[in-house]
Amino acid sequence: MHIVDRRLNPGGKSLPNRQRFLRRVKDVAQRAVRESAREKDIKDLGKDGRVSVPVDGVREPRFSRQPGTGLQDHILPGNKTYVEGDTIERPPGGGGGRGSGEGGEGGENSEDAFRFVLTREEFLELFLEDLELPDLAKRRLAVVETEGLRRAGYTVTGSPANLALTRTLRNSMSRRIALKRPKPEEVAALEAQLAAMRESDPGRPDVEQALLRLRERAKRIPYVDPIDLRFRRFEPYPRPIAQAVMFCLMDVSGSMTEHMKDLAKRFYILLHIFLTRRYRHVEIVFIRHTDRATEVDEETFFGSRETGGTLVSSALVEMKRVIAERYDPNDWNIYAAQASDGDNVSSDGPTSTELLRAHILPACQHFAYLEVGDENGPRAGFVEHRTTLWRTYEAIAKAGGPIAMRKVNHRREIYPVFRELFGRKDARAEAEA
C-alpha cells in the first residue's frame with residue numbers, strides 16, 4: 001500500500017528537505033543534543049530544542065575547477081579597471097575575504113555555527129536513540145501491539161492494486177463453463193462454415209441464425225463479470241511484545257540533602273522520559289523509603305517531602321512484596337533503579353545483601369544503583385569515600401551479580417552516567433574500554 005500525503009507543510013517549510021537535512025547531519029546534531037542536555041533542565045527535555053552545529057558539519061561535498069587551470073569566462077559588472085586580456089593578480093594571502101576566525105563577530109577564535117530548532121519528537125529521537133533496557137527477553141507474551149499487515153484470504157471489494165488476477169480469472173472460467181458461454185473457437189468455426197457454404201448455397205438461414213444466437217449469448221455472458229473479481233485481503237498482524245516493569249527506589253531520609261534529592265529526581269525524570277518514549281508496554285513502580293518503604297504514585301514520588309532514618313532493606317522488602325503479588329519473574333522482565341546517598345544502618349547490611357542475592361537479583365534482568373553526593377564532591381565515576389551501601393553493593397557486584405553502580409555529584413553528570421547505565425551493550429563496552 002502506498003500513501004501519498006499531499007497536505008501542505010506548516011509555515012511553508014519543506015518537510016522532505018528537513019528530513020534529508022537531519023539525516024545528513026545526524027551525527028553532528030546528535031552530539032549537539034547531548035552537549036545541550038548536560039546543562040539543560042531535565043523538565044525541558046520534552047520540549048522543542050534549539051541546537052547549534054558547526055558550519056563545516058552541514059556543508060555538502062561539491063565539485064569545483066582547480067584554480068589557475070583551464071579557461072574561465074567571467075562577467076564582472078561595474079568593471080572600470082580591466083579590459084579583455086588583462087591578468088588579475090591573486091590577492092595577498094591567497095584569498096580576498098575574511099574567514100570566520102579573522103576579526104569576525106565572535107573575536108579571533110570565533111567559529112561559525114548553524115542554529116536550527118528541533119521538534120520535540122526529533123530532539124527525543126536523537127537524545128534517546130542508543131539507549132535500551134538491557135537483556136530484554138521475551139517471556140509470556142500477554143501484551144501485543146499492531147505492527148503490520150498479513151494476508152487474510154480474499155474479498156469481493158478492494159483497491160485495484162490488490163486485485164488477485166489468478167483468482168479472478170479462475171472464477172471467470174468457472175462461471176463461463178457453468179453458463180455454457182460459447183467459446184471463441186465455436187464462433188470462428190461456424191463463421192468459417194457459413195462462409196464456405198455461401199459459395200455453393202447462399203441461402204442457409206438456419207446456419208446464420210445459429211451464428212447470431214452464439215454471438216448474442218457470448219455478449220450476454222461476459223468474459224469477466226464484476227462478480228468474478230477477487231481482491232487480496234489483509235488484516236492487522238499483532239506482534240508480541242515482551243512485558244517489562246521498572247522499579248524506581250529512592251531514599252528520601254533525613255541524610256539526603258535537597259541537592260541530593262534533586263539529583264535523584266532528575267535521574268528518575270530522565271528514566272521516566274526514556275521508558276515512556278522508547279517502550280509502550282513498560283510499567284513503572286515507584287517506591288520511596290526512609291526507615292519504612294511505601295509504594296506511591298508518580299506525583300507523590302516526585303513531589304512529596306519526607307524525613308526520617310534510613311533502612312535500605314525496607315525498600316527491598318517492599319519490592320519483593322510487589323513482585324510476588326503482581327510480577328511473576330517467569331512472565332515479566334524486571335528492572336530496578338535505586339538512588340541513595342549511600343547512608344544505611346550498618347546492621348542492615350547483611351539483611352540487604354541477603355534480600356538482593358536470594359530474592360531481588362535472581363528475579364531482575366538489570367539492577368542500577370546511583371549514589372548521589374555533595375555538589376563539591378569528587379567527579380562522577382570516582383568514589384573517594386566508599387559509603388556503607390556502596391561497599392555492600394560492591395561486594396555483590398564483584399561476585400557476579402547483575403548490578404551496575406555509578407556516582408554523581410552535579411546535575412551535568414546525570415546524563416553521561418545514565419548513558420553508561422542504560423546504553424546499548426556495544427556503547428557501554430566502548431565507554432568502559
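Strand 5 is mostly covered, with eight of its eight residues buried (under 20% relative accessible area, 1.4 Å probe, protein chains only). Strands here are DSSP runs of E with at least two residues, numbered from the N terminus, and helices are runs of H or I with at least four. This is a predicted model, in which local features need pLDDT of at least 70 and side-chain atom pairs count only at pLDDT 80 or more, while totals for chains, interfaces and linings use all residues. Residues are numbered from 1 along each chain as its sequence is written, and side-chain values use heavy atoms, with hydrogens and water left out.

In a regular strand the side chains alternate between the two faces of the sheet. In strand 5, Ala-244, Met-246, Cys-248 and Met-250 are buried on one side, and Val-245, Phe-247, Leu-249 and Asp-251 on the other.

| Partner of strand 5 | Sense | Bridges |
|---|---|---|
| Strand 6 (residues 282–289) | parallel | eight |
| Strand 8 (residues 333–340) | parallel | seven |

Cys-248 has Phe-286 of strand 6 as its bridge partner, and Val-245 stands opposite Ile-334 in strand 8.

Ser-253 lies in the loop between strand 5 (244–251) and helix 7 (258–278). Ser-253 counts as buried because its relative accessibility is 0%. Its side chain makes polar contacts (N or O atoms within 3.5 Å, one able to donate a hydrogen and the other to accept it; sequence-adjacent residues count only if both atoms are side-chain atoms) with the side chains of Asp-251 at 2.9 Å and Ser-255 at 3.1 Å. Beyond neighbours within four places in sequence, Ser-253 is in contact with residues including Lys-261, His-289 and Thr-310 (heavy atoms within 4.5 Å).

Note on methods
Buried means under 20% relative accessible area, exposed over 50%, partly exposed in between (1.4 Å probe, protein chains only). Two strands pair if DSSP finds at least two bridges between them.
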